[in-house]
Amino acid sequence: MDRLRRSFLTLSLLAVLGTASPLRAEPASIVVASTTSTEQSGLFKHILPLFKQKSGIEVKVVALGTGQALDAARRGDADVVLVHDRPAEDKFVAEGFAKGRQDVMYNDFVLIGPKADPAGIRGKGVDDAFKAIAAGQAPFVSRGDRSGTHSAELRSWKEADVDLPAVRGDWYRDVGQGMGPALNTASSLGAYILADRGTWLSFKNRGDLTILVEGDKRLFNPYGVMLVNPEKHPTVKVKEGQAFIDWLVSPEGQQAIADYKINGEPLFFPSAKKG
């Protein structure tokens, strides 16, 4: 009788398990290798919940300098890349790690420094400003992290005909960190620094720093998005990654980018090509 009872209980338990709801599947997710400027500006906190609500796809952001973000994608550690160094992006595509690049948005770089402006760069063009900083050996903070901002800074020295390796000294601080920590260092030192406008607008610890040079066309800062080529890395989540890209460049995604503002000022401007 005990054996019969045990058999009945076992069959009953199996019947209950058979009619129970299955365990909920893990939500779809992708990894996006992006920049510290997009993460520290707060943009992702604004747009990613909107995308998840629309698609059900969770986006996990790895925020690095652009060079490091592209290297992560080369290793297959990301499904999508969203960065801002056009020469490096074009190289990434030429190497076959992505089949194409799409414009997403832009903002600009600004040259920031102490309000007293000891190098006298206020209102100057970019070339003259960098020349003056080097000539006066005024304190300058560089991200030094192979980011898009770091690349833009190095191009600026070169275009100003400043031989940085020859003239750099204690006045030039290479911090090897993201935009936020680099701005904190510049604030504490009263130093000059090149920053993206988005991070600057969201930055709270400004101290005595202010924008001194802006508006030069060479300070234009475009962002591009790329799906990592699955032929290089079969683990890439093509469907989900492409869905994210398609949303970013859609009218809905572009409007979400445009809607992100601090004190009424937009941090990024949508730039996806229509049609």
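This is a predicted model: local features need pLDDT of at least 70, side-chain atom pairs count only at pLDDT 80 or more; totals for chains, interfaces and linings use all residues.
Local features need pLDDT of at least 70, side-chain atom pairs count only at pLDDT 80 or more, and totals for chains, interfaces and linings use all residues. Residues are numbered from 1 along each chain as its sequence is written, and side-chain values use heavy atoms, without hydrogens or water.

Me: Why is Val61 called partly exposed?
Reply: Buried means under 20% relative accessible area, exposed over 50%, and partly exposed in between (1.4 Å probe, protein chains only). Val61 has 27% relative accessibility, so Val61 counts as partly exposed.

Me: Which residues does Val61 touch, beyond those up to four places away in sequence?
Reply: Val32, Ser34, Phe44 and Leu48. Contact means heavy atoms within 4.5 Å. Val61 itself is in strand β2, residues 58–64. Strands are DSSP runs of E, at least two residues; helices are runs of H or I, at least four; both are numbered from the N terminus.

Me: What makes α11 roughly perpendicular to α12?
Reply: The angle. Helix α11 (residues 238–249) and helix α12 (residues 251–259) pack at about 65 degrees, axes 4 Å apart. Angles under 35 degrees count as roughly parallel, over 145 as roughly antiparallel, 65 to 115 as roughly perpendicular and the rest as oblique. So α11 is roughly perpendicular to α12.

Me: How do the residues of the contact of α11 with α12 divide?
Reply: Six nonpolar, two polar and one charged. Ala, Val, Leu, Ile, Met, Phe, Trp, Tyr, Cys and Pro count as nonpolar; Asp, Glu, Lys and Arg as charged; the others, Gly among them, as polar.

Me: What share of the chain is buried?
Reply: 48% of the 275 residues.

Conventions:
Axes are lines fitted to C-alpha atoms, for helices over the stretch in contact, and angles run from 0 to 180 degrees between N-to-C directions.
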